[in-house]
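Please look at the sequence and the structure shown here before reading on. The paragraphs below then lead through them step by step.

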Amino acid sequence: MYATAVLAGAAVHLGLHAVGVGDTATTCVCAGPVFALRMIAVLRDLHLPRLRYPPD
């Protein structure tokens, strides 16, 4: 879930930067969703599915 939260934060950052919001405000705003997603994943013990290889 680390990468998923970071990708969501990066999308928010790029979107706000494209609209013309300043760097400091953009960084502060995008930290919220990243922190929230990480805390939800930790508290609810959420994990993405793991890749399983077929047995030999």
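Predicted model: local features only at pLDDT ≥ 70, side-chain atom pairs only at ≥ 80, totals over all residues.

Residues are numbered from 1 along each chain as its sequence is written, and side-chain values use heavy atoms, with hydrogens and water left out.

The protein has two helices and zero strands. Here helices (H or I, at least four residues) and strands (E, at least two) are DSSP runs, numbered from the N terminus. The radius of gyration of the protein is 15 Å, well over the 10 Å that the globule rule gives for 56 residues, so the protein is more spread out than a compact globule. This radius is taken over C-alpha atoms, and the globule rule is 2.2 Å times the number of residues to the power 0.38. The C-alpha trace spans about 55 × 25 × 10 Å along the principal axes of the protein. Of the 56 residues, 11% are buried. Buried means under 20% relative accessible area, exposed means over 50%, and partly exposed lies in between (1.4 Å probe, protein chains only).

How are two packed helices described? The description uses the angle between their axes and the distance between the axes. Helix α1 covers residues 2-19 and helix α2 covers residues 23-44; they pack at an angle of about 155°, and their axes are 8 Å apart. Axes are lines fitted to C-alpha atoms, for helices over the stretch in contact, and angles run from 0 to 180 degrees between N-to-C directions. The helices α1 and α2 are therefore roughly antiparallel to each other. Angles over 145 degrees count as roughly antiparallel, those under 35 as roughly parallel, those from 65 to 115 as roughly perpendicular, and the rest as oblique.

Which residues of α1 and α2 make the contact? On α1 they are Y2, A5, A8, G9, V12, H13, L16 and H17, and on α2 they are D23, T26, T27, V29, C30, P33, V34, L37 and R38. Contact means heavy atoms within 4.5 Å. By class, the contact of α1 with α2 has 10 nonpolar, five polar and two charged residues. Ala, Val, Leu, Ile, Met, Phe, Trp, Tyr, Cys and Pro count as nonpolar, Asp, Glu, Lys and Arg as charged, and the others, Gly among them, as polar.

Within helix α2, V29 touches V12 and L16, not counting residues up to four places away in sequence. The C-alpha atoms of V29 and V12 are 8.1 Å apart in space, although the two residues are 17 apart in sequence. V29 counts as partly exposed, at 47% relative accessibility. T27, which also lies in helix α2, is partly exposed at 44% relative accessibility. The C-alpha atoms of T27 and A41, 14 residues apart along the chain, are separated by 21 Å.

Between the C-alpha atoms of G22 and D45, 23 residues apart along the chain, the separation is 35 Å. D45 is in the segment after α2 and is exposed, with a relative accessible area of 55%. Phi of D45 is near 55°, a positive value in a residue other than glycine. P54 is likewise in the segment after α2 and counts as exposed at 63% relative accessibility.
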